[in-house]
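My entries follow in the order I made them.

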Amino acid sequence: MSCAPGKPCEEGKKRRIALLAFGLMALVFFVLSAFSFVDSRVQVTPEVVTYGPYNAVQGKRVFQAYNCMDCHTIVGNGAYFAPDLTKEYQQVGPAWLAAFLGSPGSWPTQTVVAIHLHDPAQLKTTDIDTMQAYLKQFPGAAQRIRQQGGHGTYMPNLTFSGPDIGKLIAFLKYTSDMNTEGWPPKPETNGAALLADRSAHAATAVHAPAGAPPAAAASAQPASDPAVLGAKLVQEDGCTACHATDQSTKVGPGWGGLYNSQVKLTDGSTVTANDAYLARSILDPNAQIPTGFQPNIMPANFGSVLSKQQVDAIVAYIKTLKGNK
């Protein structure tokens, strides 16, 4: 393009402005490109976040394998049928997550969460070994136990293995550590009141005296009929989240018609489901695994929260259950 004779020529000025604009865009491009090669970009990275022997990369693979984002969201990405999980670990902590993921069809009770406090990975991560300290550190867990403990959920009872649960906790720990700049936003509840029946449920248990086993605190008055006490205990301790009272299968075997039946074990042997077998299955659940079920799903330390009388009562209750579906 040339200048017309006798008119001011601005071609040089326009070219300089264009070159300056191009130079600025190139500078921005190169700066952003340089930042893309920084490993963390001032963010935590999944390979350095661990829970026990597992890291968040492994947890992300489990999260993807089970298509969790078909219902949940992470940093707003995913479906909106179920809660956003970005800060889930920060709100409820590892013991509550372990209790929930072991039987996701039911909200954990305080007793079940208390059992997971003794898990070595949980102790190493939080350095917390009492429910009082745990609920103070993770108020979201206290709120859910108080409002929803023992109630059913909309989540299917996925049979996560023990390692799967540890890996998922590592992944959720990583997402809680991310700097999300305020995501997820806090919902406005407009002062919605809690449901009265759920507010009352487990309120006594949440504030049970320190040092008292949760199950014992909730069942201080023994029932005259052991089976009646057992029926109460399996509700309070969340047993029915994994075990059906008929022959159907949830996470663990159904109890209907189980007593005195023949149970085939994973080692190929067969045992009779008598009193001794049932009691051992409660106190040492990995000792004799029935065929078709996985080890390391049921907490192995119910002996720390249940007395012999309470174990006997649960066995007495199971003996009353018939085999009808």
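**K167 and its surroundings**

I started at K167 and asked what it touches beyond its neighbours within four places in sequence: K167 is in contact with Y54, N55, Q58, G59 and V62. The model is a predicted one. I placed K167 in helix α8, residues 162–177.

A salt bridge needs the nitrogen within 4 Å of a carboxyl oxygen.

**α2 against α8**

I followed the K167 contacts to the helix pair. Helix α2 covers residues 56–65, and its axis comes within 7 Å of that of α8, with a crossing angle of roughly 110 degrees. The two helices are therefore roughly perpendicular to each other. From α2 I noted A56, Q58, G59, K60, V62 and F63; from α8, D164, K167, L168, A170, F171 and Y174. By class, I have seven nonpolar, two polar and three charged residues in this contact.

**α3 against α8**

Next I looked at α3 with α8, whose axes come within 10 Å and cross at roughly 170 degrees. That angle makes α3 roughly antiparallel to α8. On the α3 side the contact uses E88, Y89, Q90, P94, L97, A98, L101 and G102, and on the α8 side I165, L168, I169, L172, K173 and S176. I recorded nine nonpolar, three polar and two charged residues for α3 with α8.

**α3 against α7**

I checked α3 (residues 88–102) with α7 (residues 139–148) as well: the axes are 6 Å apart and the packing angle is about 70 degrees. This makes α3 roughly perpendicular to α7. E88, Q91, V92 and W96 of α3 meet P139, G140, A141, R144 and I145 of α7. The classes here are five nonpolar, two polar and two charged.

**Salt bridges**

I searched the whole structure and have four salt bridges on record. One of them joins R144 to E88, with the closest N and O atoms 2.5 Å apart. That pair links distant parts of the chain, R144 in α7 and E88 in α3, 56 residues apart. I found both R144 and E88 buried.

E236 pairs with K232, and their closest N and O atoms are 4.0 Å apart. Both sit in helix α12, residues 226–236, four residues apart, about one turn of the helix. K232 counts as partly exposed because its relative accessibility is 39%.

D312 pairs with K308 at 2.9 Å between the closest N and O atoms. They are about one helical turn apart because four residues separate them in helix α14, residues 308–319. At 36% relative accessibility D312 counts as partly exposed, whereas K308 at 64% counts as exposed.

**H116**

I also looked up H116, in helix α4, residues 110–116. Its relative accessibility is 15%, so H116 counts as buried. Leaving out residues up to four places away in sequence, H116 touches A95, A98, A99, Q122 and P299.

**Whole-chain totals**

The protein has 14 helices and six strands. Of its 325 residues, 40% are buried. Among contacts with a separation of 6 or more, 63% join residues 24 or more positions apart.

Methods. Residues numbered from 1 in each chain as written. Predicted model: local features only at pLDDT ≥ 70, side-chain atom pairs only at ≥ 80, totals over all residues. Heavy atoms only, no water. Axes fitted to C-alpha atoms, helices over the stretch in contact; angles between N-to-C directions. Parallel < 35°, antiparallel > 145°, perpendicular 65-115°, else oblique. Contact = heavy atoms within 4.5 Å. Nonpolar A, V, L, I, M, F, W, Y, C, P; charged D, E, K, R; others polar. Buried < 20%, exposed > 50% of the residue type's maximum accessible area, 1.4 Å probe, protein only. Salt bridge = Lys/Arg side-chain N within 4 Å of Asp/Glu carboxyl O.
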